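Morning, everyone. Please bring it up on your screens.

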Amino acid sequence: MTDGGYPEGPLGPDEITAESPFTLPGFFDALSDADLLAAECNDCDAVLVPPRPACHACGSRQVSISEQPRTGTVYSYTEVRRPPTAFEDLAPLTIAVVELDSGARLTGRVDAAYDDIEIGTPVELTVRSPDVEEEAMLSYEREWPLHVFETRD
Ligand SMILES: [Zn+2]
């Protein structure tokens, strides 16, 4: 599922830069353009979201970038009643581990009340501009998009 244009592992230090999807800034840059990227391990098929230069399952550095589906289902979820200051106005927050249709898992906020979702609820990833209080965020986080899951039918 590699869409080309990205370096493949094993990566050298000059390939793991802020522009590379193997770092969080690069991952969020791609997400701003609506591309949800993962690294796939060529040795054990683990899918890493966000991408990492080495596989957390087997340690292999033979990884390649793949684009992930934005749809999936709730794998597990919880409610956060006292979120970080920047998200205080949004409390209580529903946070879920979502299993994407590819099998990869991504944690994120769900734009639904805790009582309105359950394990297996279908959701879709949306990307929003940061609109929370900036002073509570680290400087490099202010430009990162917020990923939020919305329920779907
Ligand atoms: Zn692996």
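Start at R109: its bridge partner in β8 is V148. That contact belongs to a parallel pairing, in which two bridges join β6 to strand β8, residues 146-151. Strands here are DSSP runs of E, at least two residues long, and helices are runs of H or I, at least four residues long, numbered from the N terminus. Two strands pair if DSSP finds at least two bridges between them.

Some housekeeping. This is a predicted model: local features need pLDDT of at least 70, side-chain atom pairs count only at pLDDT 80 or more, and totals for chains, interfaces and linings use all residues. Residues are numbered from 1 along each chain as its sequence is written.

How confident is the predictor? pLDDT is its confidence in each residue, from 0 to 100. The protein averages 87, and 88% of the residues score at least 70. Among the elements, β4 has the highest mean pLDDT, 97. Helix α1, residues 24-32, has the lowest, at 88. Where pLDDT is low, the predicted coordinates should not be read in detail.

Back to β8. On to its antiparallel partner: six bridges join β8 to strand β7, residues 122-128. Look at R128 there; its bridge partner in β8 is L146.

Now β6, residues 105-110. This strand pairs with β5 in the antiparallel sense, over six bridges. T94 stands opposite V110 in β6. Four residues lie between the strands in the hairpin of β5 and β6. In that hairpin, G103 takes a positive phi near 100°.

Next, β5 itself, residues 93-100. Which residues make up its covered face, and which the uncovered one? Covered: T94, A96, V98 and L100. Uncovered: L93, I95, V97 and E99. In a regular strand the side chains alternate between the two faces of the sheet.

β5 also pairs with β4, residues 71-80. That pairing is antiparallel, with eight bridges. Pick out T73: its bridge partner in β5 is E99.

Last stop, an open sheet. Three strands, in the order β2-β1-β3, with antiparallel pairing. The edge strands are β2 (47-48) and β3 (63-67), each pairing on one side only. Strand β1, residues 37-41, is joined to β3 by five bridges, running antiparallel.

Notes. Buried ≥ 20, exposed ≤ 12 C-beta atoms within 10 Å, placed from the backbone. pLDDT = per-residue confidence, 0-100.
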